[in-house]
Amino acid sequence: MGSCMSNPNKNKILNVEAIMNASSHNNPYTNRSKTSNLGFVDSPLSNAHLNSTTSILSTSNIISLCTPSDLVPFRLSYISRATRVIPAKEIADIVSFAQRNNARLNVTGALVTCGDLFLQTLEGDKTNVMSLYKKIEKDDRHTNCVIINTESAEEFGMQRKYNGWAMENIYLKESESVLHTALNTMLQTVVESHYLIEAYTQKSVLKMIREGVDPRTKPIEKVNKVIMFSDICSYTTITESKPIEYIHHMLNRYYSIMDDHISDQKGEVSKLLGDGLMASFAKEDCVGAVHAAIGAILELKKSRHNKDFENLEAGIGLSCGEIIEGSFGSNRKLDFTYISDVCNRASRLEGKTRETGHSILFDENVYLLVKDHFPKAVFVDSISVKGKKEKVKVYTIDDPNLRIELPAMLNKENEVKSEETGSKSF
C-alpha cells in the first residue's frame, strides 16, 4: 500500500499485488464484469485463472509498475445497508452508468456485498472520491452509510490497489464454503460494531470522519457558537424514591425531546451530563437555538400534563460568543469538545432559572441576535458571576407557558441551592 520508490533492480521484482495490478490491463482472465456502487454482478477468478495470470508474467517484461496512474492520493472505505432488493434491470443501468462515471473520474475500487450489507472502497483524487461518496450517501437504495477508514497521501501518493477496476463487485452469497462463511460473519460483525460505535459518537465527529478528516489531527480553533445547557429541575428529589426503571425511562424521554428539538434547529447535543446536557449551535443559527429551547420546554410540559412524568421540568441557559473547539484528552481518552467562558456562562444561566421562575434564560449576546424575531424577549436582571467583575445581563422569553411550575415540596431543593451559592452570584 506504500508509495512507489525508485529501485535499481525494478526489473527484477516485486510483490504479487503489484503483479496482479499490472497484469489486469492485458490479461483476459482479469477482465471481470464491472459493476457500480450498489451492483450485484460478479464473475470471480478461479485459482486456475490466478495461476495462469502469474505464469504469463516474467520480470523481463515488467519495466515499471509505478506509473503516475498507479498512484492515488486518497482512499475511502464505507459500510451501508440495502433498503430493498434491487431488480436486474436496475442493476444493469447502474453498471452502465458506473463504468462511464468512475472511468471519467479516474476512480477505482471494489464493493463487497453480503446479504443486505455493503462494504465498499473508493480510491482516487480526494475531491472526486468525496463527491462520489456524497452522491452514494443520498442514494435511497441503501441507508446507514458509515465511513470506517480513510487513507491519505496527498504529497507522494499511495499504490493504487484496484488498478483497472472501475468498480469490482465481490458477492458473498450463502455457501458451504468455510471461507465464504468466515468472511460473511466478519463483515456482519464489522458493520454492527460500527453502527454501535456511531450511536455513542457525537455528530460533528462523525461528520468529520465521513468527510475524510481524522478528528485527532484537526487543529484546535476559535469559533463563534451558541452554547446551550439544560438540566432537569429537582432531579434528586424527584428520583430518590423512584425505581430505576422509572428514572431510566424519564431520562430517555427528556433526552429524546431535547435532542429532537436541538437537531431540528441545526444544533448538536455535545454531551449528556447525568440529568442534563450541553448542546451547541452555529452563531448564525442563534434564532434556531431559542426556537429549540421553546419547543423543548413546551413538549416537556405536555409530558407533565399527560401524567407521564408529573414533575418533569427543565431549565435552559443560552450564551453566545467565541469558544475554543477541538480534541482534548489523553493518549487513552479523547473528547472533541468546547472550552470557553461562554460554556460556563450558559451553565450558570441555566442554574438561575429556578430563582427567576423562567424556564429559559440567555445573555445579551443572544438577545441582540434574536430580539427582532421574538417580541416577548425581555430583560430580567443583571447577575454577578463568580470570577467576573462585570454583571451579566440576563434575558428571557416572557410567556406564562415558559414558566417553571414546581410543587412547593420540590422548590425546597432549589431554595437550599440558592442559599449555598448566594442569591445574586454563581
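A search of the whole structure, which is a predicted model, finds 6 aromatic pairs. A pair of aromatic rings is described by the distance of the centres and the angle of the planes. In the pair of F362 and Y395, the ring centres are 6.4 Å apart and the planes meet at 15°. Planes under 30 degrees apart count as stacked, so F362 and Y395 form a stacked pair.

The two residues come from separate elements. F362 belongs to strand 13, which covers residues 360-363, while Y395 belongs to strand 15, residues 392-397. Because 33 residues of sequence separate F362 from Y395, their pairing ties together parts of the chain that are apart in sequence. How much of each residue is accessible? F362 has a relative accessible area of 0%, and Y395 has one of 7%. Buried means under 20% relative accessible area, so both F362 and Y395 are buried.

Y395 has another aromatic partner, Y367. Here the ring centres lie 4.1 Å apart and the planes are at 10°, so Y367 and Y395 are stacked as well. Y367 and Y395 are both buried. Together with F379, the residues F362, Y367 and Y395 make up one aromatic cluster.

An aromatic ring can also have a charge over it, as at Y246. The charged end of K242 is placed over the ring of Y246, at 4.8 Å from the ring centre.

Another part of the chain to look at is the loop between strand 2 (74-82) and helix 3 (88-105), where I86 is found. Is I86 buried or exposed? Its relative accessibility is 7%, so I86 counts as buried. In sequence, I86 and R141 are 55 residues apart. In space, the distance between I86 and R141 is 7.7 Å, from C-alpha to C-alpha.

The last stop is a hairpin made of strand 9 and strand 10. Strand 9 spans residues 268-272 and strand 10 spans residues 276-282. The two strands run antiparallel, and 4 bridges join them. K271 has M278, in strand 10, as its bridge partner. What lies between the strands of this hairpin? There are 3 residues between strand 9 and strand 10. In this hairpin, G274 takes a positive phi near 75°.

Terms used. Residues are numbered from 1 along each chain as its sequence is written. This is a predicted model: local features need pLDDT of at least 70, side-chain atom pairs count only at pLDDT 80 or more; totals for chains, interfaces and linings use all residues. Side-chain values use heavy atoms; hydrogens and water are left out. Rings of Phe, Tyr and Trp (its six-membered ring) pair if their centres lie within 6.5 Å; planes under 30 degrees apart count as stacked, over 60 as edge-to-face and the rest as tilted. Buried means under 20% relative accessible area, exposed over 50%, partly exposed in between (1.4 Å probe, protein chains only). A charge sits over a ring if NZ of Lys or CZ of Arg is within 6 Å of the ring centre and within 35 degrees of the ring normal. Two strands pair if DSSP finds at least two bridges between them.
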